[in-house]
Amino acid sequence: MKKTLVAALAAAALALPLAAAAQTTTLRIVSAFPESSFYVTRLLTWIRSVNEEGKGVLQLNFIGGPKAIPTFEVGNAVRTGVVDMAMSTGAYYTNVFPESDALKLTRMPVAEQRRNGVFDYIQKVWAEKGNMVYLARIVEHQPFHLYLNKPIDKPDLKGLKIRVTPVYRDFFGALGATVMQTAPGELYTALERGVVDGYGWPIGGIFDNNWNDHTRYRVDPGFYDAEVSLLLNQDAWKKLSARQRDFLLTQVRLLENRNDYWKVYGEQETERQAKAGIKVIRLQGAQAQEYVDKAYAAGWAGIIKNSPVYGPKMRELFSQK
Ligand code: 173
């Protein structure tokens, strides 16, 4: 009798905190972009509101940027569950599966991707090949550009050394550039030391790490569409309750639904670059069209070479307007 009572009390004492703990899950989240980047500023604002709304349900614990986990290792950290969640871009985790870099080649907004089945296909590939739940695309409407310190008068980069990630490697290589990969965090030093003559980056963000100090020209037009997304380890997802999943999906959608903001940001950043004295090298007419066509041709060729099965299917799905 006595024994049973003690056992019952002990069980009750244990059960109380366990029951309370079971209600809230905290997910550890990292950013593959430097903490100085505006993407992170925006992410942190969102995390604050998630944590406010998610009391007693779900909390996000921001671990840090590339100092916590290096840019090109974040994908594997999500795949293996070293962290639960990440903000990254496909170019930074081609070492997990090469198709990741294809998101730059989508020709329709993510809202459309959710309606026409493209989003479902992305989720299937990310789950199968990356052990990831592809949650939301939180940056779009941000074309990539080539930034230079030496002028060009035609789309020919022979003799120029250009900083790349997988986003630009095939395209700039096709234009004759010598390419060198760096994470964003190493670009300032490469520019400062003259190790590179230019770099690829979207229309927005070059001021976040002071690259404008060492940027003289921007080449127009832009090409592709910068993609930054939220990823979740699939095992972490499976452990969430229905309520927690609903909450998380609602929250990521709130952020994704505000993507039109990036159009405004693009305009502001274009103006800011002009004010900073960055000159535009504008390819004209047929030359501009050829430049963009070459970007997509080289981009898809690169994806398909590394992914003969999924690549062609992705090209078909991502290219519909
Ligand atoms: O580092 C990069 O230039 C890059 O690949 C990228 C991708 C998406 C957004 C910003 C940068």
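## The ligand and its cavity

In this predicted model, the ligand sits in the largest cavity. A cavity is a set of points, on a 1 Å grid over the protein atoms alone, where a 1.4 Å probe fits but cannot get out. A molecule sits in a cavity if more than half of its atoms lie within 2 Å of its grid points.

Two elements each give two or more residues to the shell around the ligand: helix H6 (166-174) and strand S8 (198-202). S8 supplies the largest share, three residues. Helices (H or I, at least four residues) and strands (E, at least two) are DSSP runs, numbered from the N terminus.

## Who surrounds the ligand

There are 16 residues around the ligand. Tyr92, Arg163, Thr165, Tyr168 and Trp201 come nearest. A residue is near a molecule if one of its heavy atoms lies within 4 Å of it.

The shell has eleven nonpolar, three polar and two charged residues. Here Ala, Val, Leu, Ile, Met, Phe, Trp, Tyr, Cys and Pro count as nonpolar, Asp, Glu, Lys and Arg as charged, and the others, Gly among them, as polar. Domain 1 (23-140 + 226-263) and domain 2 (144-220 + 272-318) each give the shell at least three residues. The domain bounds come from an automatic or database domain assignment.

## Polar contacts and burial

For Tyr92, a side-chain N or O atom is 2.6 Å from an oxygen atom of the ligand. For Arg163, the distance from a polar side-chain atom to a ligand oxygen is 2.8 Å. For Tyr168, it is 2.5 Å.

Alone, the ligand exposes 290 Å², and the protein buries 100% of that. These areas come from the Shrake-Rupley method with a 1.4 Å probe.

## Two backbone features

Most residues other than glycine have a negative phi, and most peptide bonds are trans. Asn131 is not a glycine, yet its phi is positive, about 55°. Asn131 lies in the loop between helix H5 (118-130) and strand S4 (132-139).

Asp220 and Pro221 are joined by a cis peptide bond, with omega about 5°. Pro221 belongs to strand S9 (residues 217-223).

## How to read the values

Residues are numbered from 1 along each chain as its sequence is written, and side-chain values use heavy atoms, with hydrogens and water left out. Local features need pLDDT of at least 70, side-chain atom pairs count only at pLDDT 80 or more, and totals for chains, interfaces and linings use all residues.

Methods: Polar contact = N/O pair within 3.5 Å; in protein donor to acceptor, adjacent residues only side chain to side chain. 1 Å grid on protein atoms, 1.4 Å probe; cavity = no way out; pocket = protein on both sides within 12 Å on 5 of 7 lines; lining within 4 Å.
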